[in-house]
Every structure is written in structure tokens, then in C-alpha cells.
Amino acid sequence: MSSTWATIAHDVLGMGLPLLGGVLAGPAGASVGGMVAHALGASVATPAAIASVLGSPEAREKLAALEAEQHVALARIQAEQALARMKADTAAQASVNSTMQAEATSRHWPQWLWRPLNGLLFAPTLIAIYVVLPMLSIRGPSVPPVVWVMWGSLLGITSWHRGMLQRRLAGDATDAVGRPR
């Protein structure tokens with residue numbers, strides 16, 4: 001099996017070193033890998049070289065010492081990685097929100113009606129396939145479970161966003177679970 005920064009991170013996490021393993025698993029894994037290689041005495045800072053010395057009896061102690069010495073720097077890197085993930089998530093959510101807002105204000109009915117129409121058709125479709133057709137002794141279509149999951153997810157996410165929009169428009173100062181904002 002070839003070693004990657006993810007497998008090295010997994011092994012380090014397995015040694016009970018969450019801070020070092022977490023940073024190795026992130027985008028800074030290769031740069032932190034240099035510190036790990038140096039601490040373990042690996043010939044080069046590659047996942048394969050580190051994996052070859054990671055199994056030694058003293059590896060855990062050396063890495064624990066590295067984590068203790070570099071605790072502040074590793075915590076800063078981990079915080080920066082978390083912040084970068086949050087910024088990416090926020091940007092993706094902003095894109096989704098702008099798309100939904102553009103749909104809601106569109107003058108073309110298919111663009112603003114497709115979400116509410118999905119909501120209106122979901123329950124009758126379920127009832128028709130699983131109640132009405134069997135009562136009439138008609139074999140219903142075989143609908144893959146992933147279709148129901150996708151359709152239900154679409155409805156759930158849309159409903160949640162519409163509810164939050166309505167709360168914001170009404171001036172409600174609480175979040176989705178009722179906590180003050």
C-alpha cells in the first residue's frame with residue numbers, strides 16, 4: 001500500500017496525537033510533514049519515508065514531544081484550516097442563497113415554481129405508489145431509494161431555507177433552533 005499524507009495522519013491520530021494528526025490530514029500536511037520527518041529522523045519528508053520509520057518503538061514518544069513543543073504553532077495551523085473550510089462553506093452557501101433568491105424573484109413561472117411544485121407533488125406521489133396502486137392491484141413502479149432520499153433532501157433544505165427567510169423578514173431575532181442571534 002502506498003503512503004499518503006492522509007494515511008500518515010491516520011496513523012498519527014491512532015497514536016493518540018489529535019493535534020498533529022489533524023494538521024497532517026489538512027492542506028498543510030506536506031509542510032508539517034517536514035517537521036515530522038525531521039523529528040523521526042526520516043531521510044526525506046515524504047509520506048513513504050515517514051511511514052518507514054513511523055512503526056519504530058520510539059516514534060510515538062518523538063511525535064508526542066514534537067506535538068508538545070509545537071503545540072501553539074500546530075493549533076494556529078489547525079485554526080487557519082478550520083477558518084478556510086468555514087469561508088469555503090460560507091461562499092458555497094452564499095452562492096446557493098443567491099440562486100434561490102434569483103429564482104424567487106424571476107418573472108418566469110417555471111423558474112420560481114419548480115420548488116413549490118416538488119413539495120406539492122411529493123405526498124401525492126408517495127400515496128399513489130404505495131397506497132392507491134396496491135389497493136387497485138396494480139403493480140407500482142420500482143423507485144430506487146436514492147430518488148426518495150434526493151427528493152426528500154431537496155424538500156427539507158428548501159423548507160428550512162424558506163422558514164429562515166420568513167423569520168428574517170418577520171424580524172425574528174433567533175436562529176433555527178430558537179437561540180438568540
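Tyr130 is found in helix H7; helices are DSSP runs of type H or I with at least four residues, numbered from the N terminus. The structure is a predicted model, in which local features need pLDDT of at least 70, side-chain atom pairs count only at pLDDT 80 or more, and totals for chains, interfaces and linings use all residues. Residues are numbered from 1 along each chain as its sequence is written, and side-chain values use heavy atoms, without hydrogens and water.

Two residues are listed below with their relative accessible area; buried means under 20%, exposed over 50%, and partly exposed in between (1.4 Å probe, protein chains only).

| Residue | Relative accessible area | Class |
|---|---|---|
| Tyr130 | 47% | partly exposed |
| Ser137 | 69% | exposed |

Ser137 lies in the loop between helix H7 (109-135) and helix H8 (145-169). Its phi is positive, about 60°, although Ser137 is not a glycine. Most residues other than glycine have a negative phi.

In H6, the buried residues are Leu74, Ile77, Gln81, Met100 and Glu103.

Note on methods. Helix = DSSP H or I, 4+ residues; strand = E, 2+ residues; numbered from the N terminus.
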